[in-house]
Amino acid sequence: MRIAVVGGGIVGACTSWALSKRGAQVTLFERGRPMQETSSASSKLLHGGLRYLETGQFRLVRKALLARTTWLQRAPQFCQQLELLLPIYQDGSRSRWIIATGIKLYDLLARGSGFPKSRWLTAAEVGARHPSLVQSDLLGAYSFYDAQMDDYALGNWVVGQLAAEGVDIRTQCEITDFNQLSSFDRIVNATGPWVASLRQTQPGKSAYKLDLVRGSHILLKRPIETALLLPVPGEKRVVFVLPYKGATLLGTTEIRQSEAENPGPSEHEIQYLLEVYNHYLSPHAGTDDIIGSFAGVRPLVFSADDPTNATREWAFEKVDNVLHIYGGKWTTALLEGEEAAKRILE
Ligand SMILES: Cc1cc2nc3c(=O)[nH]c(=O)nc-3n(C[C@H](O)[C@H](O)[C@H](O)COP(=O)(O)OP(=O)(O)OC[C@H]3O[C@@H](n4cnc5c(N)ncnc54)[C@H](O)[C@@H]3O)c2cc1C
């Protein structure tokens, strides 16, 4: 069967991989370079998503926790386990006991993944390991594990596997109309934030609405002792402070937007991230410490009024011979690709 996959992000790449392993003759169309959009603008975490437990996404968290291990086994040169500390303060917006329950549940859902279990560190232990973290009112911290990747390199490693499997990869090749692909038996629309606009070239209303949520990161020119997951003061959100290639990666934000195009990080988002950093860490950071910044647009399936609560699950819609893929996460892209391959071959 000849199948065209449109979109060279991690979802299109993993779908192409799964299809070619099932014997399909696959051509991947990417309008620019593979991994040029959302898939290289992530927080670089292969993670279960501790905070998704708050919105009851247990199934997704379990799948993602196991998916981390698959990536580590397949391409250990581009990802590794990462210990994160979640500090607990006296006046935190979530009680220590709620967080303890979440962390234990995370351990439970991760069973069989081969990752170390979480543990509680006293304030003195945290202070010794992370002297730049504000110590006053600190009760201690939970240490837990996820994994970190170089998303651009790992995504392009997948593309390298595709080339080795005989997938025809056409870069700089934009598909604006499915009639361009009339010589193919079936088509997959894996264009991430652009999935809805390409879907609109077919008749009928889309089965799913996309929630386009921009997230920004900044890179600070200073190393950091350990990775941190920090609750944003006065909000339900969290921000990651991560060691990354000798610098500190700080993110992310959640700004809903109507367009798929990525406008880059706004001044407001940069200030917001610096404020969270300066609330918890010293010496404080300013704009002079920023050596890089980037934004990406999450192609989420619309599911909640507040984008912080939006599902990270994925969904498929089949219209004629085209399968449209909505949503998902980097971590779970191999699973999403497998499911997409099964659907399109049905
Ligand atoms: C700020 C942020 C942080 C995140 N952090 C994490 C994280 O730490 N861990 C995690 O698991 N997930 C994370 N995610 C989610 C994850 O990055 C995305 O779910 C994933 O990258 C989406 O991949 P995709 O292939 O669907 O989209 P994309 O990577 O955007 O790929 C779509 C591709 O389609 C191409 N394209 C579009 N239109 C056309 C066309 N007409 N013709 C040809 N090509 C076309 C584009 O050029 C693009 O390359 C994060 C997302 C954001 C925004």
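Which residues does Ser20 touch, not counting residues up to four places away in sequence? Ser20 touches Val26, Glu165 and Val167, where contact means heavy atoms within 4.5 Å.

Some ground rules. This is a predicted model, where local features need pLDDT of at least 70, side-chain atom pairs count only at pLDDT 80 or more, and totals for chains, interfaces and linings use all residues. Residues are numbered from 1 along each chain as its sequence is written, and side-chain values use heavy atoms, with hydrogens and water left out.

Back to Ser20. It sits in helix α1, residues 10–21. Helices (H or I, at least four residues) and strands (E, at least two) are DSSP runs, numbered from the N terminus. Ser20 is buried, at 12% relative accessible area. The cut-offs: buried is under 20%, exposed is over 50%, partly exposed is in between, with a 1.4 Å probe and protein chains only. The side chain of Ser20 makes a polar contact with the side chain of Glu165, at 3.0 Å. A polar contact is a pair of N or O atoms within 3.5 Å; within protein, one must be able to donate a hydrogen and the other to accept it, and residues adjacent in sequence count only if both atoms are side-chain atoms.

Next, Arg298. It lies in strand β14, residues 290–301. Buried or exposed? Arg298 is buried, with a relative accessible area of 17%. Leaving aside neighbours within four places in sequence, its contacts include Asp211, Glu254 and Arg312. A polar atom of the Arg298 side chain lies 3.4 Å from the backbone oxygen of Arg214. The C-alpha atoms of Arg298 and Arg256 are separated by 9.3 Å, and these two are 42 residues apart along the chain.

Now the backbone. Most residues other than glycine have a negative phi, and most peptide bonds are trans. Here are some exceptions. Gly251 and Thr252 are joined by a cis peptide bond, omega about 15°. Thr252 lies in the loop between β12 (247–251) and β13 (255–256). Ser282 to Pro283 is also cis, with omega near 0°. Pro283 is in the loop between α7 (267–280) and β14.

Then positive phi. Asp137 has phi near 65° and counts as partly exposed, at 47% relative accessibility. Lys245 has a positive phi of about 50°. Lys245 is in the loop between β11 (238–244) and β12, and counts as exposed at 63% relative accessibility.
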